[in-house]
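Please keep the sequence and the 3D view open while you go through them.

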Amino acid sequence: QVQLVESGGGLVQAGGSLTLSCAASGRTFSGYAMGWFRQAPGKEREFVATISNSGFITRYGDSVKGRFRISRDNAKNTVSLQMDSLKPEDTAVYYCTARRTGTSSVASSYDYWGQGTQVTISS
């Protein structure tokens, strides 16, 4: 069982930066691939980024490529999402996720989800 708790959301002006963090419980954090998804009101959940259990493999959604960076610290059981050049369309609830096998951009393939953190970008 893995429990995920996100933090770092907030209100930022367009063009600004924000870093989200996710703290994971459990002794086997290094065995999980991690991901970030987001969901805006009235929209489907969208893939943002994923990172392999080792941290060597990362993948990004097309809408955030070049602006967001996912990283992890297996010693601290944390995964982070550095978000730069933020746009109003990045406004959403951001969710941290974990899955036992490799990276994936498919939300339904993830086993564990955090409660989400709100990110709001003002124009």
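**Notes on the disulfide and the overall fold**

1. Cys 22 and Cys 96 are joined in a disulfide, with 2.1 Å between their sulfur atoms, and please bear in mind from the start that this is a predicted model. Because Cys 22 belongs to strand β3 (residues 18-24) and Cys 96 to strand β9 (residues 92-99), the pair ties together parts that are 74 residues apart in sequence.

2. The angle about the S-S bond is -80°, and the link of Cys 22 and Cys 96 is left-handed. Both Cys 22 and Cys 96 are buried, and a search of the whole structure finds one disulfide.

3. Turning to the fold, the chain contains eleven strands and zero helices. The radius of gyration is 13 Å, close to the 14 Å that the globule rule gives for 123 residues, so the chain is as compact as a globular protein of that length. Along the principal axes, its C-alpha atoms fill a box of roughly 40 × 25 × 25 Å.

4. How much of the chain is buried? Of its 123 residues, 42% count as buried, and, among contacts between residues at least 6 apart in sequence, 58% join residues at least 24 apart.

5. As for the surface, the chain exposes about 6,200 Å², of which carbon and sulfur atoms supply 47%. The chain has 13 positive and 9 negative charges, and the mean positions of these two groups are 6 Å apart.

Definitions and conventions
Residues are numbered from 1 along each chain as its sequence is written. This is a predicted model: local features need pLDDT of at least 70, side-chain atom pairs count only at pLDDT 80 or more; totals for chains, interfaces and linings use all residues. Side-chain values use heavy atoms; hydrogens and water are left out. Helices (H or I, at least four residues) and strands (E, at least two) are DSSP runs, numbered from the N terminus. The radius of gyration is taken over C-alpha atoms; the globule rule is 2.2 Å times the number of residues to the power 0.38. Buried means under 20% relative accessible area, exposed over 50%, partly exposed in between (1.4 Å probe, protein chains only). Contact means heavy atoms within 4.5 Å. Accessible areas come from the Shrake-Rupley method with a 1.4 Å probe; for residues, only the protein chains shown count as cover. Lys and Arg count as positive and Asp and Glu as negative; His and the chain ends are not counted. The place of a charge is taken as NZ of Lys, CZ of Arg, CG of Asp or CD of Glu. A disulfide is a pair of cysteine sulfur atoms within 2.5 Å.
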